[in-house]
Amino acid sequence: MFKIFGFLLLYRLVGNPFLALLILLVILYFLDRRYVGIFPSITKPFRRSRQMSRLRTTISLNPNDVSAKFDLARLLIERKRYSESKELLEQIADRYEQSAEYWVELGYANLKLGLLPEGEAQMLQGLEINRKAQYGQPYLRLAETFRNIDHDKALHYVTQFQEIQSSSSEAYYLAGSMYKALGRVDDAKRAFAESTAIYRSLPKYKKRQERGWALRSYFAKMR
């Protein structure tokens, strides 16, 4: 109802239905980014590209800058350029041997390149160094990798993730999505319900970052 009323009001103000719709979408986008967080950031890809360009320049001036190489490798993974990322990570292996972050990133690159045993072992090596590396996200990446190959293993990794993120709406939404993908409909609904229940119990300062996940869980539970 609000959207319809807003559209009609804008239409009367600007006199053009397409322009009114565009303005309404822009307003909704900025409201979402400010208060909810469901829509992706339209500026993030540009910021990431600029950051990658700066890192490449740094590396060209100083090929021994391992921190720049690691940061660039992580951004390349975000861009799904796994082979290039792996090449950079392997160049700095001796400096990051005890880094959980390093092993989970290298492992994920190998998983996406289809090297499952190698990638899984590397991610588990990182999680052995720090079980809470990246707030448990590697467990979800492992679950996603094995969901169509080994259901028991996928569920095991989902459970590991939930143990780390036991008070997070995001954790239960992602777990619910995984259960749904595995055909565990009742478990998925329970996870989505737990996600919204956790959101209601959070203090105000935490609700901003969890609101989008709670809304996703609410709609997922309705389907």
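## Cores, rings and a surface patch

Let's start with Tyr173: its relative accessibility is 17%, so Tyr173 counts as buried (buried means under 20% relative accessible area, exposed over 50%, partly exposed in between, with a 1.4 Å probe and protein chains only). This is a predicted model, where local features need pLDDT of at least 70, side-chain atom pairs count only at pLDDT 80 or more, and totals for chains, interfaces and linings use all residues. Residues are numbered from 1 along each chain as its sequence is written, and side-chain values use heavy atoms, leaving out hydrogens and water.

**Aromatic pairs**

- Tyr173 pairs up with Trp213 in a tilted way, with 5.5 Å centre to centre and 45° between the planes (rings of Phe, Tyr and Trp, using its six-membered ring, pair if their centres lie within 6.5 Å; planes under 30 degrees apart are stacked, over 60 edge-to-face, the rest tilted).
- Tyr173 sits in helix H10 and Trp213 in helix H12, so the pair ties together parts 40 residues apart in sequence (helices are DSSP runs of H or I, at least four residues, numbered from the N terminus).
- Phe70, Tyr96, Tyr102 and Trp103 make up one aromatic cluster.

**Nonpolar core**

- The largest nonpolar core has 35 residues, and those touching the most other members are Met123, Tyr139, Leu142, Tyr157, Val158, Phe161 and Tyr179 (a core is a set of buried Ala, Val, Leu, Ile, Met, Phe, Trp, Tyr and Cys residues joined through side-chain atoms within 4.5 Å).
- H10 gives the most to this core: seven residues.

**Out on the surface**

- Met222 belongs to helix H12 (residues 204–222).
- With 51% relative accessibility, Met222 counts as exposed.

Technical notes. Helix = DSSP H or I, 4+ residues; strand = E, 2+ residues; numbered from the N terminus.
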